[in-house]
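Visitor: I'd like to walk through this chain with you. Could you start with the words I'll need?

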Amino acid sequence: MDGIEAYWIWFAVGLVLAGLEMVLPGVYLIWLAVAALVTGVIVLVSGPPALMQVVCFVFLALIAAFSAKRWLRDQPILSSDPLLNNRLGRLVGQTARVTEAIEAGSGRVRVGDGEWLARGPDLAVGDRVRIVGSHGSQLLVEPLTLIGDEGTAPPVG
């Protein structure tokens, strides 16, 4: 190539791909960037013909992508908040109030400022429930028993 050395082109491609990785979602372009930068180093050191440079880039990209896939499968990135995108999972353990009687196992409950479909034992409107899980978009609830609600005084001592 006249005017510009081939290794500068590979370095530029690698840096552009790395920059795109920061802008676009996913973790794929970084491995192509690594392959382009390594190809640039190989071209700087040995100066192979253009076709060999492209073949080298393709093989390095495949090796980098599949190696990263295997490494990430074996050592997944753990989230500091595993319920971040699990809205129903975040509601487990909270209390709610029945807004539509739960009959034949199905009704509605109010949690915070929203109403949710709920499954659980038959309960009347106004009863308090504890959210114990979720199934699809429905909350699984159980009756909430508070101290003194059973009609007997709590044991002393």
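Guide: Helices (H or I, at least four residues) and strands (E, at least two) are DSSP runs, numbered from the N terminus. What you see is a predicted model, where local features need pLDDT of at least 70, side-chain atom pairs count only at pLDDT 80 or more, and totals for chains, interfaces and linings use all residues. Residues are numbered from 1 along each chain as its sequence is written, and side-chain values use heavy atoms, with hydrogens and water left out.

Visitor: In what order do the elements of the chain run from the N terminus on?
Guide: The secondary structure comes to four helices and five strands. Read from the N terminus on, the order is α-α-α-α-β-β-β-β-β.

Visitor: Why is the chain called more spread out than a compact globule?
Guide: The radius of gyration is taken over C-alpha atoms, and the globule rule is 2.2 Å times the number of residues to the power 0.38. For 157 residues that rule gives 15 Å, and the chain is well over it, so it is more spread out than a compact globule, with a radius of gyration of 29 Å.

Visitor: What box do the C-alpha atoms fill?
Guide: The box is taken along the principal axes. Its dimensions are roughly 90 × 40 × 25 Å.

Visitor: How many of the residues count as buried, in percent?
Guide: Buried means under 20% relative accessible area, exposed over 50%, and partly exposed in between (1.4 Å probe, protein chains only). Out of the 157 residues of the chain, the buried share is 29%.

Visitor: Which residue takes a positive phi in the hairpin of E1 and E2?
Guide: This hairpin has two residues between the strands. The phi in question is near 55°, and the residue is Ala-104.

Visitor: How many bridges join E2 to E3?
Guide: Strand E2 covers residues 106-111 and strand E3 residues 114-119, and they run antiparallel. Ser-106 stands opposite Arg-119 in E3, while Arg-108 has Leu-117 in E3 as its bridge partner. The two strands also form a hairpin, with Gly-112 in the turn at a positive phi of about 60°. The number of bridges is six.

Visitor: Which side chains along E2 point to one face and are buried?
Guide: The side chains alternate along this strand.

Visitor: What about E4 and E5: which residue in their turn has a positive phi?
Guide: E4 and strand E5 (residues 138-143) pair in the antiparallel sense over six bridges, and Val-129 stands opposite Pro-143 in E5. They form a hairpin with two residues between them, and the turn residue with a phi of about 65° is Gly-136.

Visitor: Let's turn to aromatic rings. How many aromatic pairs are there?
Guide: Rings of Phe, Tyr and Trp (its six-membered ring) pair if their centres lie within 6.5 Å; planes under 30 degrees apart count as stacked, over 60 as edge-to-face and the rest as tilted. By this rule the number of aromatic pairs is four.

Visitor: Why is the pair of Trp-10 and Phe-57 tilted?
Guide: The ring centres of Trp-10 and Phe-57 are 5.2 Å apart, and the pair is tilted because their planes are at 35°. Trp-10 lies in helix H1 (residues 6-23) and Phe-57 in helix H3 (residues 50-74), so the pair ties together parts that are 47 residues apart in sequence. Both Trp-10 and Phe-57 are buried. The angle that answers your question is 35°.

Visitor: Last one: which residues does Thr-39 touch?
Guide: Thr-39 lies in helix H2 (residues 29-46), and Thr-39 is buried, with a relative accessible area of 0%. Contact means heavy atoms within 4.5 Å. Not counting residues up to four places away in sequence, Thr-39 touches Trp-10, Gln-53, Cys-56, Phe-57 and Leu-60.

Key
Pairing = 2+ DSSP bridges.
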